[in-house]
Amino acid sequence: MVLENNGKAATLVRHGLTHAFIIILGVAMIYPILWMVISSFKPNNMIFSDPGLIPKALTIENYISGWRGYAGTTFGTFFFNSLVMCAIAVVGNVISCSMAAYAFARLKFVGRGVWFALMMITLMLPGHVTLVPRYIMFNSFGWVGSYLPILAPKFLATDAFFVFLLVQFMRGLPREIEEAAIIDGCSKLGVYLRIVIPLATPALVTTALFTFLWTWDDFFNQLLYLTTPASFTVSRALRTFVGDAGAVSNWGGALAMSTLSVVPAFILFFALQKYFVQGIATTGIKG
Amino acid sequence: MRNTSGIINLFRRNVVAYMFLLPWLVGFFILTVYPMGYSLVLSFTDYDFTQPNSTQWIGLGNYLKMFGSVFGMTEFTAPTGELMRVDPYYIKSLSVTFTYVFVSVPLKLVFALGVAMLMNQKLRFVPFYRAVYYIPTLLGGSIAIAVLWRKLFERDGLINGVLAAIGFTDLPAWITSPNYALGTLILLSVWQFGSSMIIFLAGLKQIPQEYYDAASVDGAGKVQQFIAITIPLLSPVILFNLVIQMIGAFQAFTQAYIIGGGRGGVLNSTLFYTLHMYIQGWAYHELGYASAMAWVLLLIIGVLTAIVFKSSRWWVDYGVGE
């Protein structure tokens, strides 16, 4: 009895220490982010003199001055651009990737094995090897300076990760409902729209979520293809806002807009956490 | 009669399937196959974005431009008769990138595994902790964090503020020091260990507790259990994380671009491969050269991935013989 109590107490202490360790390490991990958020509310001249988290004075001046943006364009425009671009990218990926995935997972056709293998190879292909010809091609279409080079590929299922994720998910769905629907005279398109899409919703949410986040953060394409401040997205605008040499005078504004720029990711993450874990654990989405 | 309808059915089934596959097929050919072939062709030319009509074949000129310095060359004559200069920074960008990959990836995996094991206990709040530890990964790829990172590691940044507060003196300006700048980028990469952690955690949960219990009864300590049970059973997951992270690390761009202010940093200490490629292609309009660089990167990644997979038969336990 005494022994058992001792064991319990020991476990309790061990767990307590583990919790303490995880919490301390966790705070250290997110300290830079906390500091960014809190510093964005500090007066400009106090940001760097004060490494602590508790501000001596609070102001929203940084948000007002940062929001004004530059070149006559406010961050309102940049956020609008980013949101519209990401929304269209999500629509494109969800439609095109789920169509390809349905074909791979459920339909029998000549060459399926070969196409699937090729699709899996593109998973590992570094995007840089297609970069230059794509740029030349999009330029000849007159698309440089618009969102088309970023968005058109989304409607052509080029993000093989999501095709793979959706194939894996669809293979796990019960076939009986689909077979019953086909016996009842439902076409393949009907099966796809009325049965597979609704049942695959969790995987589609994961697809939508990561498409949104990656498109929001994908700086390289935005750097290449967006050329005028009026078309800039938040990421692209932030980079110019900070400048080449980092010689901005308005660091408060930069931190304030940086903080705002990660708010959508935060909201999506905490609202849809289980889809995150599913998406990462089942396909090993990079990060 | 039956036979014809069978063929019609087969034909129809294929047409329907290919209709569903059509977007992907179009994308595959127009946005992957054709560009890959085209960039291979371009890599043997001096294609200049601003004057595409004067493009000439230069044979292996671009490749010699990359690796000429290895043979002690500084310039050479291209097949066109023109004098070409060897790229003095290419080898530097290669060594920066290799250092980055070979230091950051193992560190990240070790860290991710450590944290995953910490969380793989019957503890309360683990989903919450997991979420908090994932936050750096969630935000790490953003411009906001790259901007923040540069600010944190400046001479009067937060890191030096904290270090000074606990008694350190003579602190460097990490970002602008050729000795430390790459280190800050490695740290930034390791900091984003969240995805690997979640994958490790999922793998750890698959290992039956009975194995550990049996090992305990046999008197095996924690370290022995880790070496004899955890590592072998987790080895497929380790392989998976290793490949994914390695391929990703070779392509890192954004953070180096922001930290170096659009260039390679002091003494090119953060001149990542992709950054160098971007500068050559889009600042100097040398798209032929950039294409050659892209193909070499593809080969490097391909060869290293193949080596990792080949070696995996020595260290990955696929559960054969259980």
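How many residues does the contact take from chain B and from chain A? The contact takes 75 residues from chain B and 66 residues from chain A, where two residues are in contact if their C-beta atoms, placed from the backbone, lie within 7 Å. The structure is a predicted model, in which local features need pLDDT of at least 70 and side-chain atom pairs count only at pLDDT 80 or more, while totals for chains, interfaces and linings use all residues. Residues are numbered from 1 along each chain as its sequence is written, and chains are lettered from A, with ligands numbered from 1, in the order in which they are written.

On the side of chain B that touches chain A, helix 1 (residues 2-42) of chain B gives the most, with 19 residues. By class, this side of chain B has 49 nonpolar, 22 polar and four charged residues. In this classification Ala, Val, Leu, Ile, Met, Phe, Trp, Tyr, Cys and Pro count as nonpolar, Asp, Glu, Lys and Arg as charged, and the others, Gly among them, as polar.

Chain A contains 14 helices and zero strands; helices (H or I, at least four residues) and strands (E, at least two) are DSSP runs, numbered from the N terminus. The radius of gyration of chain A, taken over C-alpha atoms, is 24 Å, well over the 19 Å that the globule rule gives for 287 residues, so chain A is more spread out than a compact globule. The globule rule is 2.2 Å times the number of residues to the power 0.38. Along the principal axes, the C-alpha atoms of chain A fill a box of roughly 80 × 70 × 35 Å. Of the 287 residues in chain A, 40% are buried. A residue is buried if 20 or more other C-beta atoms lie within 10 Å of its own, exposed if 12 or fewer, and partly exposed in between, with C-beta atoms placed from the backbone. Among contacts in chain A with a separation of 6 or more, 72% are accounted for by residues 24 or more positions apart.

Chain B comes to 13 helices and two strands. Its radius of gyration is 25 Å, well over the 20 Å that the globule rule gives for 322 residues, so chain B is more spread out than a compact globule. The C-alpha atoms of chain B fill a box of roughly 90 × 75 × 35 Å along the principal axes. Buried residues make up 40% of the 322 residues in chain B.

Leaving aside neighbours within four places in sequence, Leu166(A) is in contact with Cys97(A), Ser98(A), Ala101(A), Ala200(A), Ala203(A) and Thr207(A).

In chain B, Ser216(B) lies in helix 9. Ser216(B) is exposed, with 12 other C-beta atoms within 10 Å. The C-alpha atoms of Ser216(B) and Phe193(B), 23 residues apart along the chain, are separated by 30 Å.
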